[in-house]
Amino acid sequence: YEILQEHGIAGTTLAKVAERAGMSKGIVLHYFRNKDDLLEAVMRLANALLRDEVVRRIRRAEEDAGGNHRKRIEAIVAGNFAPNFFKPEICNAWLSFCAEVPRNREFARIQRVIHARMRSNLLSALRALLPAGEVEAAVIGITAMIDGLWLRFGLSLGGLTREQALIEMERDLEKL
């Protein structure tokens, strides 16, 4: 994961991973058939860590707010911008991964799972807040805003900070 964050997909090699892990390339190849298998495992790990962060925040919001649907949405957003994830090196790794989605069926499947989970989490809260005809558009808008801010941060456009990203998300959520 560290190599991917530092070098992107193109610069990540099994040899670099082996060297960082203090083992031979042969050992890495024992566990991963090729670079794509390794990258897939890395993205699954990153996805699981992000999922766990969002779930933890949703549970805390439900306990603190007694099922307040707006707080659930805020928890989903906050989880996606958690300080341990919303860092330049992680954003860059995500951008590298997304760039390969059109060419790699397994990466595309992982990305579909990520978006399906985000959609499901948002739908459960938005259905209680919006008329039925507006829910899908709100889900698309929120996920597009999250992805767009990750993209802007990863590309270092405009010096965006985590705090500014959360402010922009809050502005967008005020429309609900």
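A cavity, as I use the word today, is a set of grid points where a 1.4 Å probe fits but cannot get out. Keep that in mind. By this rule, the count in our structure comes to 2 cavities of 30 Å³ or more. One more thing before we go on: this is a predicted model.

Let's stay with the largest cavity. About 270 Å³ of space lies inside it. Its lining has 17 residues. Closest to the centre are Leu 50, Asn 80, Trp 94, Ile 114 and Trp 150. Which elements give two or more residues to this lining? Helix 4, helix 6, helix 7 and helix 8 do. In residue numbers, helix 6 covers 88-100, helix 7 covers 105-126, and helix 8 covers 132-154.

Now the largest pocket. A pocket, unlike a cavity, is an open set of points. The volume of the largest pocket is about 260 Å³. Its lining has 15 residues, and those closest to the centre are Tyr 1, Glu 2, Val 17, Leu 38 and Val 42. At least two lining residues come from each of helix 1 (2-11), helix 2 (14-21) and helix 4. Which helix gives the most to this pocket? Helix 4, with 4 residues. So helix 4 turns up in both places: it supplies the pocket lining and the lining of the largest cavity, as the definition of lining residues has it.

Step back to the whole chain. It has 9 helices and 0 strands. The C-alpha atoms fill a box of roughly 55 × 30 × 30 Å along the principal axes. There are 176 residues, and 42% of them count as buried. Next, contacts. Take those between residues at least 6 apart in sequence: 65% of them join residues at least 24 apart.

What about the surface? The chain exposes about 9,700 Å², and carbon and sulfur atoms supply 55% of that. Charges next. I find 26 positive and 23 negative side chains. The centres of the two sets lie 3 Å apart.

You will find it in helix 4, which spans residues 35-65. Is Glu 62 buried, exposed or partly exposed? Its relative accessible area is 37%. Buried means under 20%, and exposed means over 50%. Glu 62 falls in between, so it is partly exposed.

Terms used:
Residues numbered from 1 in each chain as written. Predicted model: local features only at pLDDT ≥ 70, side-chain atom pairs only at ≥ 80, totals over all residues. Heavy atoms only, no water. Buried < 20%, exposed > 50% of the residue type's maximum accessible area, 1.4 Å probe, protein only. Contact = heavy atoms within 4.5 Å. Areas by Shrake-Rupley, 256 points an atom, 1.4 Å probe, with all protein chains shown as cover. Lys, Arg positive; Asp, Glu negative; His and termini not counted. Charge placed at Lys NZ, Arg CZ, Asp CG, Glu CD. 1 Å grid on protein atoms, 1.4 Å probe; cavity = no way out; pocket = protein on both sides within 12 Å on 5 of 7 lines; lining within 4 Å. Points joined across faces, edges and corners; volume = space filled by probe spheres on them.
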